[in-house]
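Reader: Could you pick one part of this model and take me through it slowly? I'd like the contacts and the loops around them, in plain words.

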Amino acid sequence: MGPTMLAVRFQHSVTPNALRSYLAEFLSTFFYVFAVVGSAMSSRKLMPDVSSNASSLVVVAVTNAFALSSAVYVAANISGGHVNPAVTFGMAVGGHISVPTALFYWVSQMLASVMASLLLKMTVVGQHVPTYTIAEEMTGFGASLMECILTFALVYTVYAAGDTRRGTLGAIGPLVIGFIAGANVLAAGPFSGGSMNPACAFGSAVTAGSFKNQAVYWVGPLIGAAAAGLVYDNVVFPSHAPEEVGV
């Protein structure tokens, strides 16, 4: 029974519609990573001492908000507009997509991130591709916990924005997702980097050839994403909420 069910799920993951969704995830993630990493490189070009210039943080935060909103919007009706392995993991934990489909999403997202980072490296020869780093006053555990909380907020917002029981949100859904991402970068950028996206961190690390503290950008976001999915679907807004008595 088990192997048969797995085979059926795998077949559903290689249909023409599924393949289109993987392409949509690749394109959206590519555009998002290109914009986010590119904005960090632009900040370094215009403001060499970015570590002490608050405007560089604002630039990256605004870029995150704009790029993520756009990337989610263009892929929402095709793949769901995850643009993030953590979001995909949270959806898989919540039972909204199958495990084989989630793995294909991951491959698309990771490949897109690496390709976007490599393109930036090849086109902007005078600069190195920046990687996510944690502040000196932060420990690995502290940074992971911060990324966990940030990603919880992001994925919880994704769940709420895409919940059809709340009614049709249209373009507002992707917009609020972008808002929470930008706000999270403003809150945690100087400390953990405010990644919330393992693919984005992985792509820049591969291109730069440095995987220092890479676990921070996987462990924290994946735990936060899973917790967000479970809390939203089972506690805050369960599918079969009990009816109130005496109303």
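Author: Let's get one term out of the way: buried means under 20% relative accessible area, exposed means over 50%, and partly exposed is what falls in between (1.4 Å probe, protein chains only). This is a predicted model, where local features need pLDDT of at least 70, side-chain atom pairs count only at pLDDT 80 or more, and totals for chains, interfaces and linings use all residues. Residues are numbered from 1 along each chain as its sequence is written, and side-chain values use heavy atoms, leaving out hydrogens and water.

Now to the helices, which are DSSP runs of H or I with at least four residues, numbered from the N terminus. Helix α8 (residues 198–208) packs with helix α9 (residues 216–236) at an angle of about 170 degrees, and their axes are 9 Å apart. That makes α8 roughly antiparallel to α9, a label for angles over 145 degrees. The axes are lines fitted to C-alpha atoms over the stretch in contact, and angles run from 0 to 180 degrees between N-to-C directions.

Who touches whom? Pro198, Ala201 and Phe202 from α8 meet Tyr217, Trp218 and Pro221 from α9, with contact meaning heavy atoms within 4.5 Å. Sorted by type, the residues of this contact are six nonpolar, no polar and no charged.

Next, the loops. Asn213 sits in the loop between α8 and α9, has a positive phi near 60 degrees without being a glycine, and is partly exposed, at 29% relative accessible area. Met196, in the loop between α7 (172–188) and α8, also has a positive phi, near 60 degrees, and is not a glycine. Met196 is buried, at 2% relative accessible area.

Terms used: Helices (H or I, at least four residues) and strands (E, at least two) are DSSP runs, numbered from the N terminus. Angles under 35 degrees count as roughly parallel, over 145 as roughly antiparallel, 65 to 115 as roughly perpendicular and the rest as oblique. Ala, Val, Leu, Ile, Met, Phe, Trp, Tyr, Cys and Pro count as nonpolar, Asp, Glu, Lys and Arg as charged, and the others, Gly among them, as polar.
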